[in-house]
Amino acid sequence: MILPWLILIPFIGGLLCWQFERYSNTLPRWIALFTMLSLFVLALWLWITGDFTLAPAPGGDPVWAHEFKMQWIPRMGITIHLAMDGLSVLMVVLTGLLGVLSVLCSWNEIQNRVGFFHLNLMWILGGVVGVFLAVDLFLFFFFWEMMLVPMYFLIALWGHSGSEGKTRINAATKFFIYTQASGLVMLIAILSLVFIHFQQTGDWTFNYADLLRTQFAPHTEYLLMLGFFVAFAVKFPVVPFHSWLPDAHAQAPTAGSVDLAGILLKTAAYGLIRFSLPLFPNASAEFAPIAMYLGVFAIIYGALLSFAQTDIKRLIAYSSVSHMGFVLIAIYSGSEIAMQGAVVQMMAHGLSAAALFILCGQLYERLGTRDMRQMGGIWGRMPWLPAISLFFAAAALGMPGTGNFVGEFLILIGSFPGAPWVTSIAATGLVFGSVYSLIMIHRAYFGPSKSDEPLLGLKARELTMVLGLAGLLVLLGVYPQPVLDTSAASTHGVVQWMSSAFNQLDQAR
Amino acid sequence: MDFTTQHLLALLPLLITSLTIVAVMLGIAWKRNHAMTFGLSVIGLNLALLSVFAATSVAPLQVTPLLMVDKFACFYMVLVLASTLACVTLIHAYLGGESGKGYPGNREELYLLILLSAAGGLVLVSAQHLAGLFIGLELLSVPSYGMIAYAFFNKRSLEAGIKYMVLSAAGSAFLLFGMALLYAESGSMSFAGIGQAVAGGAPSLLVEVGFGMMLVGLAFKLSLVPFHLWTADVYEGAPAPVAAFLATASKVAVFAVLLRLYEVSPAASGGWLTELLTVLAIASILFGNLLALLQNNIKRLLGYSSIAHFGYLLIALIASNGLAIEAVAVYLAMYVLTTLGAFGVITLMSTPYKGRDADALYEYRGLFWRRPYLTAVLTVMMLSLAGIPLTAGFIGKFYIIGVGVESQQWWLLGALVLGSAIGVFYYLRVMVTLFLVEPNLHRHDAPFDWGQRAGGVMLMVVAFLAFFLGVYPQPLLVLLAKFSIG
């Protein structure tokens with residue numbers, strides 16, 4: 001009974017925030033903080049007490065650490081079926097943590113319609129938790145689409161107007177249309193899958209465990225896999241589908257960026273690992289080279305574009321494209337080490353990107369601009385913030401001692417035996433990564449100063465947030481074992497699916 | 001044929017509606033009183049709604065060769081009656097409570113017209129004979145000319161009425177010609193008779209042309225592209241509650257009879273007719289959405305979006321298998337609910353009548369900060385029209401996609417995805433307008449006590465249903481699965 005509460009807490013908390021706005025502007029903030037803290041603590045408790053040696057694997061029914069099942073729409077065989085294994089618990093913990101941070105980082109930034117803002121924020125997080133827990137495909141899709149609406153409002157109503165006539169409403173609409181259209185393609189794929197299963201067994205069901213047993217003709221499997229892949233690729237974002245991301249990031253309020261980079265992108269990676277690979281292992285194996293090259297392309301292309309940006313938030317947004325490229329390579333490499341690396345990389349990128357966006361937000365509150373041409377020389381004008389930024393930039397470029405290093409290292413070492421060329425090219429992405437990270441630091445914090453006026457230092461709230469994140473990132477960098485242990489069973493299962501498919505493919509050739 | 005109590009029971013909804021018409025007419029002749037006319041109409045419609053339960057108890061039953069009262073008909077009767085009832089409450093709000101305020105002309109006849117039209121709808125949904133179809137269709141359409149032009153001192157309203165009349169007459173001409181051709185070939189006027197006569201072997205050219213022309217006639221009423229030219233102007237010109245009626249009850253009834261024709265006479269879906277219908281569907285989806293894209297008038301926008309929605313519905317009609325009938329029922333129920341809500345908000349914003357409706361998009365800027373609940377209703381409606389989860393529209397779209405996948409209509413599904421993507425843009429545009437910063441503009445505004453009036457209560461119910469059915473559609477789906485033809 002504990003899993004539904006993980007979803008209900010944010011939804012109820014959001015409604016309370018909205019209703020209590022009429023009494024005070026601060027009350028919704030405290031309610032939201034409390035809501036997110038309880039979500040985080042609950043998730044942590046589940047992580048600490050749970051036994052995550054159970055996870056879905058080929059052959060036999062999927063087994064879970066926690067499970068919840070309730071009838072919803074029996075007419076179509078739809079159930080409210082939630083389940084948790086090592087992978088989902090990590091993602092939920094990350095969601096809870098970033099939820100707390102996104103409430104904290106908008107404490108001063110958001111001053112109007114506070115209640116409604118927190119309603120949207122809480123509902124996004126509730127939807128994301130739903131995506132991470134749902135193992136009924138209808139329910140999964142339900143949450144997948146549902147979280148778009150509050151995100152849309154967040155960008156459209158509290159966003160910053162961008163440069164060159166790019167309005168926040170356009171950015172929000174672009175985000176919505178990209179994700180919604182690709183989501184419908186996935187819905188078509190889901191329904192086709194269900195119909196094929198219906199023809200084979202005579203049962204209407206959207207249940208993950210049952211659909212895993214569906215048999216396909218090779219051609220059909222490939223098409224269905226593509227249907228899923230398109231939806232995930234847009235959210236990921238894989239390069240030809242990425243153009244909504246920089247706009248959305250640049251225009252979103254800090255909390256929106258934190259959620260977008262920190263967890264919304266992770267839902268796509270999670271979806272690939274949880275659904276796309278196990279449901280369509282043969283087609284995925286066949287598709288793997290293409291996906292890996294797309295990943296390589298994303299790494300290089302994201303890095304190059306990142307280097308060319310003048311807007312600091314767009315720079316970080318493109319760097320996300322680059323970092324998620326590593327995750328894509330890892331997912332399709334079929335290697336357990338790389339897959340474990342992908343999980344660590346997702347966590348580490350969630351933390352480091354969130355921190356960078358929070359720092360940008362703090363900078364924006366003080367300077368009123370995100371344009372790096374207007375910055376320069378900030379190192380001398382304020383304490384703490386530049387140095388912390390330097391730390392996270394170093395983390396983003398994969399400095400040993402941070403979680404990002406562990407993630408990227410595992411991904412590269414794991415994928416190398418299977419795909420030496422892809423891995424070699426991807427490794428050059430690390431060099432590009434250091435170029436754009438350092439150039440960001442150089443342009444923003446060093447160089448000639450535009451003004452000598454000292455800037456307001458960081459408050460305790462702001463300092464705690466970023467230092468806490470830095471601490472976690474170092475912890476993940478020097479002792480990633482708990483994370484690796486938790487996700488081991490899940491990745492092992494998925495890799496088993498993949499490797500048997502790879503073997504079949506090799507034999508066929 | 002003997003007329004038994006059972007037949008009377010089956011006809012009860014239609015009889016009660018007709019009696020209400022007579023009572024309202026006599027009432028108006030005796031003494032003009034807005035409240036009394038409204039009360040009579042509402043009581044009559046509610047009784048008619050209740051009597052549908054009596055009709056279901058004897059269904060399926062053939063009443064005269066013209067009508068077939070089966071579960072299918074009963075469901076659409078409920079839909080037509082309920083949407084008429086909603087429109088009547090909106091009309092009451094729109095025309096203004098007491099005399100001297102609001103609408104300056106005679107108010108009572110509008111109720112008479114809408115009831116007549118609803119009676120036509122009831123005939124249409126149970127028609128199983130070409131004559132029944134035509135009687136129902138004309139009874140549905142002719143009063144609506146009057147309703148559209150009801151604000152006759154407003155040029156746009158008058159223009160819309162005349163435009164609708166001319167095009168509707170043209171549509172009827174096509175329909176009659178098609179019927180004549182079908183009769184010439186098959187020698188029968190009942191749907192089943194035509195189906196039997198032309199079954200076996202390829203349908204002759206005469207039959208195909210006959211069905212094609214009937215399709216054109218009905219496509220006029222459903223405003224499918226390329227027979228949609230009247231839609232936006234009529235929706236804009238007609239008083240808001242009348243536009244709501246046109247978009248809901250009228251279209252639902254016509255679609256129901258089209259579906260029955262398709263199911264009972266399978267010849268209709270042979271040969272190039274299917275291709276024709278596919279082209280109509282794709283064109284409606286794409287053009288409807290594209291034309292809605294840059295509208296600044298919310299009534300025109302809803303008009304174009306209704307074209308697109310009937311394009312989606314055609315997917316189920318073309319599939320005509322397994323889930324199709326159920327999917328149409330689900331989608332129409334969702335569509336009616338949502339459209340009533342959207343037009344309801346427009347009506348209440350234009351209430352009481354002040355010469356023109358509040359239909360320009362800028363009048364809705366920042367509505368959230370003035371009327372949060374009214375805005376919440378419109379937001380849910382827009383999300384539902386766009387088919388986003390948590391709203392009824394999503395379940396409808398889910399079913400349509402399900403049917404499309406089942407019958408492997410990949411082209412149509414592609415059009416649907418593309419159309420939805422375009423659609424999201426303008427629905428979101430309307431939605432975000434509601435939340436934008438308020439300009440200093442108060443030209444049109446809903447009265448403060450709108451929530452307590454019948455129209456406001458109705459809107460709240462509609463919004464709640466749209467949300468509830470989006471989250472828990474099981475009861476409706478179980479109910480609808482039983483509503484088969486025959």
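Me: How many residues of chain A are in contact with chain B?
Reply: In this predicted model, 23 residues of chain A contact 22 residues of chain B.

Me: Which helices of chain A supply at least two residues each to that side?
Reply: Helix H5 (137–146), helix H6 (148–158) and helix H7 (168–201) of chain A do.

Me: And which gives the most?
Reply: H7(A), with 13 residues on the side of chain A that touches chain B.

Me: What is that side like by class?
Reply: The side of chain A that touches chain B has 18 nonpolar, 3 polar and 2 charged residues.

Me: Switching to the strands of chain A. How many bridges join E1(A) to E2(A), and do they run parallel or antiparallel?
Reply: Strand E1 (residues 66–73) of chain A is joined to E2(A) by 7 bridges, and the two run antiparallel. In E2(A), A:Thr79 is the bridge partner of A:Gln71.

Me: What about the hairpin, how many residues between the strands?
Reply: There are 4 residues between E1(A) and E2(A), and A:Gly77 in this hairpin has a positive phi near 70 degrees.

Me: Why is E2 of chain A called largely enclosed?
Reply: Because 5 of the 7 residues of strand E2 (residues 78–84) of chain A are buried, the rest of the structure largely encloses this strand.

Me: Now chain B. What is its secondary structure count?
Reply: Chain B has 18 helices and 2 strands.

Me: How does its radius of gyration sit against a compact globule?
Reply: For 486 residues a compact globule would be near 23 Å, so the 21 Å of chain B agrees. The C-alpha trace of chain B spans about 70 × 55 × 40 Å along its principal axes.

Me: What share of chain B is buried?
Reply: 60% of the 486 residues of chain B count as buried.

How values were computed: Residues numbered from 1 in each chain as written. Chains lettered and ligands numbered in written order. Predicted model: local features only at pLDDT ≥ 70, side-chain atom pairs only at ≥ 80, totals over all residues. Buried ≥ 20, exposed ≤ 12 C-beta atoms within 10 Å, placed from the backbone. Pairing = 2+ DSSP bridges. Contact = placed C-beta atoms within 7 Å. Nonpolar A, V, L, I, M, F, W, Y, C, P; charged D, E, K, R; others polar. Rg over C-alpha atoms; globule rule 2.2 N^0.38 Å.
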